[in-house]
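Here is a short briefing to read alongside your structure. Have the viewer open, and take the points in any order you like.

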Amino acid sequence: MDFLILNEGFRTLSALLVVPLLGALVLLTTSSASFARFWTLLITTITAALSLPLYWGFDATTAKYQFAEHLAWIPALNINYTLGIDGISLLLILLTTLLLPLCVLASWNYIKTRVREFMICLLIMEAAMLGVFMALDFVLFYMLWEAMLIPMYLLIAIWGGPRKVYASIKFFLYTLAGSVLLLVAIIALYLHNGTWFIPMMMGQEYSTLFQTVVFLAFFLAFAIKVPMFPFHTWLPAAHVEAPTAGSVILASVLLKMGTYGFLRFCLPITPAATLTFTPYILALSVAGILYGGFTALAQSDMKKLIAYSSVGHMGFVTLGIFVLNTQGVEGALLQMINHGVTTGALFLCVGMIYERTHSRELDSASGLGKFMPIYVTFLAFFSLSSLAFPGTNSFIGEFLILVGAFTKSKIVAGCAIPGAVLAAAYMLRMLQRMIWGSKPNPHPEILSDLSLREIVTLAPLLVFVFWIGLRPEPFLSVMHTSVAHLLAQVHQVTPQVMTVGTLLP
Amino acid sequence: MINNLWVHPTLVLLFGALLMPLVPRVLKKAYLLLVPVLAFASVLHMTNGTFGVVSFLDWTLTFGRVDALAKIFAYIMTLMCAIGTIYGMHVKNDWEHMVAWTYVAGSLGVIFCGDYLVLFLFWEIMAFSSVFLVWFRGRKESLFAGYRYLLVHTAGGLILLAGIVLRFQATGGDLSFGPIGVHTPQLYTWLIMIGFILNAAVPPFHAWLPDAYGEATVTGAVFMCAFTTKTAVYALARGFAGMEILVPLGVCMALYGVVYAVLENDARRLLAYHIISQVGYMVAGVGIGTPLAINGACAHAFAHILYKGLLFMGTGSVLYMTGKSKFSELGGLYKKMPMAFVFTLIGGLSISAFPLFSGFVSKSMIVAAGFEEHNYWAGFLLTLASAGTFLHTGLKVPYFIWFGKNHCSQETWDKAADPPWNMQVAMLIASVLCIFIGSYTPYLYNMLPHQEAAVAYSKVVYSSYHLSESLQILLFTAVGFFLLIKKLAPEPTISIDLDWFYRMGGRGFLRLAKGPIQWVDTGVSEFYRLLGLIPLMTTARFSSWFDWHGIDGVVDGTASGVRGLGTVLKRLQSGQLQYTIFYAVTLLALFLAAYVLA
């Protein structure tokens, strides 16, 4: 197993899976709502603390999978329990673990019914998400991938808004439909290689047709998850109906599953097909950037606005991935983190307004500047970050992606630039309405400024906005080697591109 | 060579201003006293030398050049800062104290700076902080006057900057601030000089001064009358000693200010015009440029800051108590405000160069230097202006406010009383100093930059010839005043000065802005709206519509299609055996038929 650097001593990765699940088990024994809140906060904080040594212990000089664990699971089917992380998954794991305590805090008063069950869903969700980023065995991966759907479905269907049934079923069916083909592709790969071990699938000589079919199967599953235009319509529906914590998890972590899948599977396993389909995917990315921007501009519902802005931002991420050069991919990886931080924070902000006014309409939140000065300060910084204002985190990410895109093709990059302008347009439109407002606020008496709990929820994210924006090096340095290795895997097959290009119509 | 003991008074005042909001209310008065006293102490303990040298980019900036010339100005400015702060101690608005201190800090920064970059920095700090002293008055007129003040000073600052940059290039990177070479003036010399004399309020660049000072707050005017013009005099004395053009300019100023002061109806505007007149003496002194003349300019600046502050405090206390500052609305207040009268009179006698008062020992020095240099016409004209000074400030101000015909309305009369104790204390300190300087000459003369000239002059200042000459002029002026008192009676008029051009210029600019520029701007906005905003929002709304009806229509349509199909198929599963058999047989028959026929 020369892909892995096995972990000696404490099994951190397993602990990250087990601690939330154990926490969820303990919750089953209690019925106290306030205990459930404190307990979940404790468990998620412990998980976050456990994940931090991963960063310090991480060896940025190797592209191998670190902190790896390997146990036989179902020997009859050659299925193993294999975990490991590299520079691509490390930051996503940290993002997930650090975000979850904030989600708990955001649900403190928001969730009033079935608190215990809600917290159990959150913990199972955390374990499944972390597992997806860590799994190196395809069966394990697929299990966890599907396992994520259930708690998320419940979060929307039970604690969601008025159209929760519609939104949750749509979310579930849409993503499941994509995943079914993923299972077919995984089985095809197993039949070809005789192993479920993901790194073993990379760099194999697959036939062109096989690559194309597998790539398309992967692509559909991941594109729905990202979501890429035109497979995105489940996202606004789900976001609008989900509770705040659900929206945050959905936007910050679940969307990254799709782009993570592109990086982990599409690029290294089917490199030839990747190169063949690159132009189409770039076109879809640019279309998503512009389409998301335009649609966001027309929204009067804050959550929908941010949901559509996610379509645009994730368009930038897929653009960065498929320009297939260092700046593009590193920018995309960083932008995945940035989007998690910024959009997560924006959903938290909207949730805080919703808790007060019970409305997500921009008009009901107009002119907040006078009543909630601390709130609008946070909101302004996160909005600026969302439109990639220089000095904030998204600027670094989008800048790297655009540099990569310009290296690849001036036309593609030129088409994506208006997306950045649109982002400024819809974010500033929202800011202008919410802070100053064209008409006086209908309910000024209920607008109390942020409580300490809410400030504690938002402040860490603001720190990251400026930390990444002003000093991105600690975040970029861990990904250099893995990204270089990934790009080497893709470009090894460059000669084949010609034949593939001529074979396809 | 940074001396650990050297503390820049600018820093003391700036930190003092910054910490002001944190000081609890009970300690506020003590704090207001402490900070200026600390600044004053830091000046007292200074030794000559160069301190505070900082490297910034490629330049070496000098923040602390200390010599006799700088010290005498810093001494009186920090002292005046303390007096002015005591005078304004009753002011509750922290911001007013903070900007006043920042303003003084700017002045002191200029006094101690060693190069033009630092000078420019503090020069602008002065302008941008002092304008608030006008705005805090809160009247509509103060707002406009403040803007005019700011615009003039910004323009002056730009001219100064242009001169600095030109000089930097012409001399190959020399930024040091010292004698500029007045005998071979270049374009940059003129530009820098214009920048300086604009702040010194030399006509035709003077109209900002009465305009702004007349509108400033009561305390603000006390500060403003002391610092901007005197800092400019310092800058001129440092760089332009012996620049001959300054002599006629200074003489013109002295006369010009007197004429307008005699005409003026508003007490504080009168005093403001009178600043122009008095600064004229100093500018002329700098222009003469001999050691005696420079001494005279410094001494006069020193004395002037005190007595002009005193006069502004006196009339300011009238304004503070009654709300009026126009002669035509005052008069006969002696019974109600005796202390304010005494203090103002001391200021008036000082400014009129009455023997034993401070003006006598300073102003005469410049006049003497003029005669000594055989610049007779300058000497005579300055003497003439001196007579005018006595006429309007020594006599007119006290007479028409405290004596003369009572123009007070009943309300004004009821409100009139001596001002609060802190104002009286401040005026007392200034009055004592005015008399002390006039009576005990070594106190001031020992601080002057050219000691030999000062020592020589101190022997003749109280000579019988000098005394009798001064007293004659004063006496005849007094006689003239009481003969002409009808003509001098105040009328509620506004004297038209060059500020008319500022107003007209401003109006013209406004018309240009409202007319053509606004038209173009409206056109561009309309263009932007028609071709930018409307299509943008239309596209946005369309994509939103398309998203829900187009793409989502397909998705939801597929879903409901599948559900519909399911509903149809469900009917086949009716659970009744005969139908199932019927369907199965039919299907079988169809298959068989297809098989046979194929």
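This is a predicted model: local features need pLDDT of at least 70, side-chain atom pairs count only at pLDDT 80 or more; totals for chains, interfaces and linings use all residues.

For the model as a whole, ipTM is 0.75 and pTM is 0.60.

**Confidence by chain**
- Chain A has a mean pLDDT of 88, with 97% of its residues at 70 or more.
- Residues 495-505 of chain A have a pLDDT below 50, and this stretch makes 11 contacts in the model beyond near neighbours in sequence.
- For chain B the average pLDDT is 85, and 96% of the residues score at least 70.

**Where the chains meet**
- Nine residues of chain B are in contact with eight residues of chain A.
- On the side of chain A that touches chain B, five residues are nonpolar, three are polar and none is charged.

**Two packed helices in chain B**
- Helix H12 of chain B spans residues 291-322, and helix H19 of chain B spans residues 451-458.
- Their axes lie 9 Å apart, and the helices pack at an angle of about 80°.
- Because of that angle, H12(B) is roughly perpendicular to H19(B).
- From H12(B), the contact involves Pro291(B), Leu292(B) and Asn295(B), while H19(B) brings Ala453(B), Ala454(B) and Tyr457(B).
- Sorted by type, the residues in this contact of H12(B) with H19(B) are five nonpolar, one polar and no charged.

Note on methods
Residues are numbered from 1 along each chain as its sequence is written. Chains are lettered from A and ligands numbered from 1 in the order in which they are written. Axes are lines fitted to C-alpha atoms, for helices over the stretch in contact, and angles run from 0 to 180 degrees between N-to-C directions. Helices (H or I, at least four residues) and strands (E, at least two) are DSSP runs, numbered from the N terminus. Angles under 35 degrees count as roughly parallel, over 145 as roughly antiparallel, 65 to 115 as roughly perpendicular and the rest as oblique. Two residues are in contact if their C-beta atoms, placed from the backbone, lie within 7 Å. Ala, Val, Leu, Ile, Met, Phe, Trp, Tyr, Cys and Pro count as nonpolar, Asp, Glu, Lys and Arg as charged, and the others, Gly among them, as polar. pLDDT is the predictor's confidence in each residue, from 0 to 100.
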